[in-house]
Amino acid sequence: MQPSTAERIARLSAHISPSNLQMGESSMLERANCRAKGGAPGFKVAILGAAGGIGQPLAMLMKMNPLVSVLHLYDVVNSPGVTADISHMDTGAVVSAGFLGQKELEAALTGMDLVVIPAGVPRKPGMTRDDLFNINAGIVRTLCEGIAKCCPNALVNLISNPVNSTVPIAAEVFKKAGIYDPKKLLGVTMLDVVRANTFVAEVLGLDPREVDVPVVGGHAGVTILPLLSQVKPPCSFTPEETEFLTKHIQDGGTEVVQAKAGAGSATLSMAYAAVKFADLCLRGLRGDAGIVACAYVDSKVTELPFFASKVRLGRGGAEEVYQLGPLNEYERIGLEKAKQELATSIQKGVSFIKK
């Protein structure tokens, strides 16, 4: 049955001013129903920290993903403004809804299939990821408490730095709430892979899309370990090239912070990498076969409780964690350095919740 003129006007109004509707309404005009005619059903995705430097381009790119049917944008500032902006995009299969402040966190999270968290303060010149810890740790704890309450079965993509510590924080919050599923908590390290593919492609004279560099360990400094001996297509590097590329990949974030001279961090490339990873997660949730990516997860690859590894993504999240495979001498030395640093970062996150 075709909607009446009044209903069509109300739907149009909902897109222009989504705050006029309350979540949970049972009428035809729920946000989830304000969709383009013929739009295919997809997944419900929430972005927590949608008004920030990463969140805004991330929200725009997620709205373009045909696997997303409902997109909830949450922040403590200006999420309705971001919502109004991207709602004008003609990717009609996605409904955007803006949620503002702590009081609307539960509404933003209820019923979500995937939650992406870029929330927190960015790095500034001279800051390490550990400098961010005291602020971002509390933010991640609060958001994860909301997830545990409102969408305990959702897949969680955690971007907030320092990822080496915030993922353990999230795990402890979920354990306290009795809903922890290690397969559904993934620290997003895709930017390290994107950088590695790009930098290696430059050296080899290839299209980055044709290059695959596994990057394991963590998501900060020496914990970022590109396995250049396992690059596809197969190739070899001199010791000098290996040292240069490894350092370049490890310092990629710092290089951007310095280049922006206090005006921000790696926001655009991070948003791109986060959307690329989220798309892989959604394809896994859909049941696509052979979806493999690197992520910082609860694993038994090393003696550490968390480690970035190649994982197979499926309907249950990270359904399989792959072993490291053969390493050369340079990578074995790098692995030991990475593990020492990671152990401290992981314990810092665990202690934050248990103190």
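The chain exposes about 15800 Å², and carbon and sulfur atoms supply 55% of this area; accessible areas follow the Shrake-Rupley method with a 1.4 Å probe, and for residues only the protein chains shown count as cover. This is a predicted model, in which local features need pLDDT of at least 70 and side-chain atom pairs count only at pLDDT 80 or more, while totals for chains, interfaces and linings use all residues. Residues are numbered from 1 along each chain as its sequence is written, and side-chain values use heavy atoms, with hydrogens and water left out.

Eleven helices and eleven strands occur in the chain; these are DSSP runs numbered from the N terminus, helices being H or I with at least four residues and strands E with at least two. Of the 355 residues, 51% are buried (buried is under 20% relative accessible area, exposed over 50%, partly exposed in between, with a 1.4 Å probe and protein chains only). Among contacts (heavy atoms within 4.5 Å) with a separation of 6 or more, 69% join residues 24 or more positions apart.

The count of salt bridges is 15, each being a side-chain nitrogen of Lys or Arg within 4 Å of a carboxyl oxygen of Asp or Glu. The table presents examples.

| Salt bridge | N to O distance |
|---|---|
| K149 and E106 | 2.7 Å |
| D181 and K183 | 3.4 Å |
| E319 and R312 | 3.1 Å |

Salt bridges that share partners also join D279, R283, R286 and D288 into one network.

K149 is exposed at 59% relative accessible area, whereas E106 is partly exposed at 39%. D181 is partly exposed at 24%, and K183 is partly exposed at 34%.
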